[in-house]
Every structure is written in structure tokens, then in C-alpha cells.
Amino acid sequence: LAPGRLILGIGAGWSEVEYKGYGYPFPRAAIRIGQLEEAVQIIKRMWTEDKVTFSGKYYTLHGARCFPRPDPLPPIMIGGSGEQLTLRVVAKYADWWNGHAQSIDHYQHKLNVLKRHCSSVGRDYESIVKTVEGFVAIASSRKKAEKIAQRGRQAHFCGTPNEVINQVQDYLDLGITHYMLRFLDQPHSEGLKLFAEQVIPSLKS
């Protein structure tokens, strides 16, 4: 239905409320990341093998089938920034990585950690597509943007269109090619329009 346009996003889970809401136990982070690592291995094999038998610490399969298999294979995007475990799973199995835009220095640090994990597992760091997600507070004046940013969420990109251009460009300069942005003036669309009309055309890849 969407040839070549589907991306599978997956993470270790972080919201205890959601786990409990569906009646699932909420284990500690190391267990959830271990479950993520096994799940990604299973998914990759289910997409490429006729029958999958898998015996892991958390999941077990005996001759499991997945038909029809996706064609082309969707890239797997793993979200999360834990330096010891999650980014190592990213280095081993992810086609794409999604991290949070807490600050440009913070994101650069995470990239350096990911690069070290790639080196340790023999993975080409450049083969992983890097993405970033964050909240945007954009308006015609800095004062208006700051007022929007006070709505209870940290604005990772905040200011006038020119200011936001410079902030996004910093990530582009690190090699980031995809962005997942949420606009803090929702349900209004003024921020989205400003971004589409004034920010995107001015960015330099």
C-alpha cells in the first residue's frame, strides 16, 4: 500500500502509565532494552526468512511465519538515547536513529557515543540515518514565540523564523537529514505555516 514509504519506528518503551494501562508489567530499563534488542532481531528475520526459530531471554519462536513479507523492506528506526545500552542496539541493528533535540551540544555528544558503539561492533556509522525530534515555538516576534514556549513543554526550536533557521541549520551541519517536529501553538497552524514558508526554503543541506 505504501511501497518504499513505510518506516518502522520502535523503542524500548518509557511510559509506565501506558504499560499499566494495558496491563503489562513495567520492568526496569535494562530489561526493556533487552526486549527491544530481541524484538528487532526477530522482526528482521521474519521479514527475510520463511520460518523463524528464535530462543532468547525474553522471546521464543518456533517456525514462525510472516507472509506476505514486506517488499521493499522498511527501514527500522530505533528511538532512544541511553548511552550504554540503547545506542549500542542502534549501532547493531538500526537503519535510522531518532534522538531528542535537547541542545546541539547534547546531540553532538550522543552522536559521538553512537560513533564509538559503531566502531566497537563493526558497523559503518555513516550507514545510519540520523533524525531528531523536538518541539517548536515559532512566531513573527521573539516575544510571541517565548509566550508560546511557556505552554508546559520545552521548546527545542524557539524564536522568529530567522532564529529557528539558525537553530535547525546547526543540526543540518551535523548531518541530520530528517526532523520530527511538534508545534506548540497547536491546534492553531500559524507556527507550521511560518516554518513551511520561511524556514524550510532557507535551509542549506
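**Reading burial, salt bridges and a helix**

Mentor: Arg182 counts as partly exposed, because its relative accessibility is 40% and that class lies between under 20% for buried and over 50% for exposed. Keep in mind that this is a predicted model.

Trainee: Which residue does Arg182 meet in a salt bridge?

Mentor: For a salt bridge, look for a side-chain nitrogen of Lys or Arg within 4 Å of a carboxyl oxygen of Asp or Glu. The side chain of Arg182 meets that of Glu133, with 3.0 Å from N to O. This pair links distant parts of the chain, since Arg182 is in strand S8 (residues 178–183) and Glu133 is in strand S6, 49 residues apart. Glu133 counts as buried, at 16% relative accessibility.

Trainee: How many salt bridges does the structure hold?

Mentor: There are eight salt bridges. One of them joins the side chains of Glu37 and Lys92 at 2.7 Å, N to O. Glu37 belongs to helix H2 (residues 29–46) and Lys92 to helix H3, so the pair ties together parts that are 55 residues apart in sequence. Lys92 is partly exposed, with a relative accessible area of 34%.

Trainee: Which residues are linked in a network of salt bridges?

Mentor: Arg142, Glu146 and Glu163 form such a network. Between Arg142 and Glu163, the closest N and O atoms are 3.5 Å apart. Arg142 is in helix H5 (residues 142–149) and Glu163 in helix H6, 21 residues apart.

Trainee: Turning to helix H4, what should its 18 residues span?

Mentor: Count 1.5 Å for each step, with one step less than the number of residues. Helix H4 (residues 104–121) should therefore span 26 Å, and its end C-alpha atoms are 26 Å apart, which agrees.

Trainee: Which residues of H4 are buried, and which are exposed?

Mentor: Tyr107, Lys110, Leu111, Val113, Leu114, His117 and Cys118 are buried. Seen down the axis of H4, these residues fall within an arc of 165 degrees, so they line one face of the helix. They pack against helix H3 (86–93), strand S5 (96–100), strand S6 (129–138) and helix H6 (161–172). Asp105, Arg116 and Ser119, on the other side of H4, are exposed. Just after H4, Gly122 has a positive phi of about 75 degrees.

Trainee: Where is Pro75, and what is it in contact with?

Mentor: Pro75 sits in the loop between strand S3 (60–64) and strand S4 (76–79). Leaving aside neighbours within four places in sequence, Pro75 contacts Leu6, Ile7, Leu8, Asp95 and Trp96. Pro75 and Leu8 are 67 residues apart in sequence, yet 6.2 Å apart in space, C-alpha to C-alpha.

Notes: Residues numbered from 1 in each chain as written. Predicted model: local features only at pLDDT ≥ 70, side-chain atom pairs only at ≥ 80, totals over all residues. Heavy atoms only, no water. Helix = DSSP H or I, 4+ residues; strand = E, 2+ residues; numbered from the N terminus. Buried < 20%, exposed > 50% of the residue type's maximum accessible area, 1.4 Å probe, protein only. Arc of directions from axis to C-beta. Contact = heavy atoms within 4.5 Å.
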